[in-house]
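Reader: I have a model open and would like to go through parts of it. Can you start with the terms?
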Amino acid sequence: MLRYLAKRAVTYVVMIFLTTSAGYFLAVTSLQPALLEQERIPRPTPEQVANSFRLKGLDPALSPWERYVDWLTGIVTRWDWGRSPNGAYINAEFTDRVWISTRLFLASIILTLIIGVALGVYTAARQYKFSDRAITSYSYLVYIVPAPIAYFLVQLWAININETVGDRILFVTGISTPGLEGDGWVQFLDMLAHYAVPTFAITIVGWGAYQIAQRQYLLDNVNADFVRTARAKGLTRNQAITRHALRVSFIPVAQSIAFTIPAIFAGGFFAEKIFAWHGVGSWSIDAIALQDVNAATATLAYGSVIFAIGAILADFATTLVDPRVRMQ
Amino acid sequence: MSSDTTGLGTAERLNTTERLHAAGLHSADSAPAGAVLSVRDLNVRFNTENGVVHAVRGIDFDLMPGKTLGIVGESGSGKSVTSMAIMGLLPETADISGSVRLHGTELLGLSDKAMCRHRGNEMAMVFQDPLSSLTPVYTVGAQIIEALTVHNPGMSKQAKEARAVELLAMVGIPSPKDRLKAFPHEFSGGMRQRVMIAIAIANNPRVLIADEPTTALDVTIQAQVLEVLHTAQEETGAAVVMITHDLGVVAGMADDIMVMYAGRPVETGSVDDIYYNPRMPYTMGLLGAVPRVDTAEKTSLVPIEGIPPNLINAPTGCSFAPRCPLATEECLDGEPALLAVGGAGDGTLEHRAACIKSEELGAGVDVHRIFSAPEVPVSRFDAVPRADRKAVLELTDVRKHFPLLKGSLIKRRIGTVKAVDGLSFDIREGECFSIVGESGCGKTTTLLEIMEFHRDQDGEVTIGGLSNKAASDAKTKAAMRRELQMVFQDPTGALDPRFTVFEVLAEPLENSGMAKPAIRKRIMELMELVGLQPDHVNRFPNQFSGGQRQRIGIARALAVNPKLVVLDEPVSALDVSVQAGVINLLDQLRAELGLSYLMVAHDLSVVRHISNRVAVMYLGKIVEIGDVDEVFDRPRHPYTRALLSAIPVPDPRLERTRERIILQGDLPSPLDAPQGCNFATRCPVFAALPPAKQEKCLTIEPVLENAAHPGAAPGRPAGGPPSAPTDQQFACFYPDGDLDADMLVVHETT
Amino acid sequence: MTNLNAIDPAAVAEEAKIEDGDVVIAKSRIILRRFLRNKTAVAGLVIFILLTLLSFFGGALSSWDKETIDPFNIGTEPSAEHLLGTSQAGIDLYALTVEGTRVSILIGLVVGLVSVLIAAVYGCTMAYFGGKVDKIMLFILEALIMMPALLVVAVATSGGGDGLKKSLPSWLLLIIVLLVFSWMGTARLIRSLSMSLMQRDFVKAAQYMGVPARRIVWRHLVPNIGSLLVLDITRGVTGAILSEVAFSFIGIGIKVPDVSLGVLIGQATSQVSTFPWMFWVPLTVMFLLTGSLAMMNDGLRDAFDPSSSSIGSAKKRKKATA
């Protein structure tokens, strides 16, 4: 089993390398930080720009291949992902950003999963009853709303609440109030006020897919032969479903859960942008706007790594719940 | 919920409840004392888009302790619905009325929860498909223990585990203690069915319902499982309801039989009444439709034309009348009641038949005449000695080995699966050659190898004089395809659902470059040839019944006038009555068109009926080959003997006294093929041999050798023609040897 | 087998049809009939067609176009003169919405259709050749799935100095990028479906008849994955419209001066309280568009699903999911 996971991991490392390299070439050929620099006031001479870039390891005079080799050597030998046009080091910035992104999404992911799976089971058990129809219709509705617009609507709603109450109880942007002073309790309340809106928004948009999947998989198994066997033993229909069908229906769900964790991070671009949390997602977009080759590539690599982790998690989760795979 | 899905009005519902009460009272009066299970006027209705399907219509029976009732019928006859209704396992939307009493307690109308006290406790069930009936994520032990926990909450963990081990041992699972921790996917189908039986008998049920428990299994495994059921019944003293479509399976087991048709019992009685004195044309037809493995006499099978009626419209006459050769005007006037016909009366069930003409029927009536079974067709080749006929297919030392690889990046070969290992045989003009054996023995791979026809194959395949070694370019291949065509097992899967019958039949013709008008003409010919209405050519396959679809498949195979047709289990997916029609058709086509067949089948009765020659395969090798009557009447190889003895025969008296060889275990993995004789691990002769002789089996591989004069064999009555030349061959050092007593079973029933 | 048939009323009903010699109907006719029976789906189709017609010919219904500034009506609410009001720059919102809808539908249709086409070709090729070809193509496919599409979209559409970007309008660029990243899932599905079809007996039968491979793919494989393709086109169109809106909303998809629904919605976010119609009008159109597609998709799925007509509950499911 471990060998199998290790083998998968090797495949993904190769893939990450390839996608990141491809991303670097795409970025290095289409992003032209020098042009942006030229528009600064006072306007620097092309020589000045080239000089400053050469110092930061971003020499535009070199061919893409030469730059790629330099960049790769830096990563492999010193774990140095290069510098931004403004001189900042990618490594330093990256760590902060990842921490912010993780804080934004961790709570949402956990809530999304728990609510989605629980509602899926609940609706499957009450198939075609009113609550099932209402919840399932909602999940389908979420499917036709682009995530950023949904976030924005939640934001509008939160602003509305604030206006109704007449006090700013919910923060619709930002991660914390800068310069806030006070004891732990005040800090905690501030954090809560900042977390509430984005977490809520990401969660209510996210659980729809899990609800539909869990409902479908469970319904697929409700009339399975082994459930009939369990009932023939003397279990009631509900006991047979909860003890047998539910466990089997977790197999595909576990797999899809692990696979969609990266999707939530990917959707995070939108959430970070709208709620103004300066995580990896918004960084990547800003990096492109600033024509920052190294930052853009680093975020791309980060996305690939998250995906690979998700895929390996999916394999692992499947082996946990399905003894047939465990055999290998 | 149910009110809007069943679509029955409130008035009708009330009515149902009233009926239920009335029936309940009624049954209390008439049920014989001591019956464990009494069913009265059981009716089941389902709602569908097309209307209410009345799936079960008025079932009555009583089951005495320790007795076995066989319910026989084709698919859609309502036999499984009956069992599910008794167990209370039908969906809530089903409308069930009547009365089901277990020890006098009414079961119908009980809530799911109340029903759970009985299910798995006094009443248990074994289902058809063992592969899907166990939960894949729990261990076998956990699933058995669950059955114990539900009904014995106070039982200690150790006691439950001990009981589970005991149960597994009882159903014949080796090293039961370790196997408790195994998952279902680690078990073969036969082993899983044993586990199912263990679960069913865990709480010593009074009634055990087995719904087609062996249909999905090989004959050898079927024999094992039936044996386990028998033991289970003896151990628990339970009454058994055995549901099956196979008249052979119940012949030896059942005390009483109920034959169902279109949701109704059409004939009931003791097993002897039904088999030897049937009084309803349907029962007679069913008995005549199954070929017998134990008789060489060649008669056509009884075909029952048509298909069962749909159960949406209430029948106005006898539901079998449209298919019954004896039907007259009066049969269409009201459904005949199930009336006593005065049989031997030796069973719990009185001999009754639902036929107004039952008086005219009985033991002395020739079923072949009634159903006008066709004459046995005679091929022009039948008169020509085999040696003088041309060979249409020759296989010389054909092998197919699959390397078994392991390792992640660099694959290493850890073994070889010898799926087909050195096969040689030939098929002559006008003959039917069959390959038999358990699933996994390599018979399907053999067919694929022949169809493949490629130069790089290991071994030579010669089809109609074209050898794969000589040339296998596109042109030769096309020529070979005209000589050889194939009919598939599953008639539904073999026809593209998006093609009309015309398109299906036109495909091979267009491919051979035939002109449009000629194709049209040929298709009409083909439709008539296989007994289909030519004006149905514009229909889609899903508008035909299973038997008709198989006829389309046969017509497609015959389109380009091949000499040899490969038949891969051609009738195993069909119902018994339909099967007879297709077998007769194949027989007739072989005679009329001078075709040769290469058939693969697991049903040895069908093989005996239709084949001229047979080869028995075991683990990729032929272990016995020869004329079908010689091999079946005088089997020499222990495996052939075991295979033949495992087949149940629809003859209760014979079944009750027949000696049966029960092979131990499953077909071993071809990977672990032992050095000497492949079969030694399961061989009943080998087991009885003294160690000195066993040595030979374990070290030297036996080869096919011509059978000596049968009379010379020790321990065998010299009844056969001793000097007749025979081409029967077998691969065994100790043919006709004494059998190990442990593997022999005889049921002496009183 | 027997036991399943017995309790499946569908089989009984099916048999009934055979026996009664029911009218012979072509499969496509059955599918059409089932689709038309589903009212939601038909409503979806009607809405979608109306929106498409409006977006292409609706411009003629108004005298304003998306460039003309009305200096007398700047940021006005809907009125007789400007049906849907004007933007803060004084441009008629109706004209903008018609233009934006057209761009969104165009992107959706092109991406939906072409990506399914790419997926079909790629998936069938993988299934047909198998072996090494399949392995390599699968690797490429998975690598593409791993690429965060959004980043690539952003890189490709960001106004660098590249000549390509200058010569191409942003909507075409977005179409290309969305295409590159939208076909992989479908391709993987088509691959597994064709692989299982290749194992089916009717394909084997055709092979054993000596029917050439190209013909087998064309006559047996493609029609049998047809229903999946149709479903994936509607799904693909929805997905593409949603992506366009999402990307343009945060400012990395379609760039001004081009307009699309996403651009209109995105631009209006900063002034929701002052010019609410600027936000809600394009948003409503987008909902109508994606909603109608979802309704159609649901009806198509039911129409293609062979089991849907057999069980009495089929009708209810439609209600539940609509």
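Author: A residue is buried if 20 or more other C-beta atoms, placed from the backbone, lie within 10 Å of its own. Strands are DSSP runs of E with at least two residues, and helices are runs of H or I with at least four, numbered from the N terminus. This is a predicted model, where local features need pLDDT of at least 70, side-chain atom pairs count only at pLDDT 80 or more, and totals for chains, interfaces and linings use all residues. Residues are numbered from 1 along each chain as its sequence is written, and chains are lettered from A and ligands numbered from 1 in the order in which they are written.

Reader: Why is strand β22 of chain B largely enclosed?
Author: Six of the seven residues of β22(B), residues 621–627, are buried, so the rest of the structure largely encloses this strand.

Reader: And which way do β21(B) and β22(B) pair?
Author: Antiparallel, over six bridges; strands count as paired if DSSP finds at least two bridges between them. B:Val616 has B:Glu624 in β22(B) as its bridge partner. The two strands form a hairpin with two residues between them, and B:Leu619 in the turn has a positive phi of about 50 degrees.

Reader: What about β22(B) and β25(B)?
Author: They run antiparallel and are joined by two bridges. B:Ile625 is opposite B:Gln729 in β25(B).

Reader: New topic: how many residues of β19(B) are buried?
Author: Five of its five, at residues 564–568. Strand β18(B) runs parallel to β19(B), with four bridges joining them.

Notes:
A residue is buried if 20 or more other C-beta atoms lie within 10 Å of its own, exposed if 12 or fewer, and partly exposed in between; C-beta atoms are placed from the backbone.
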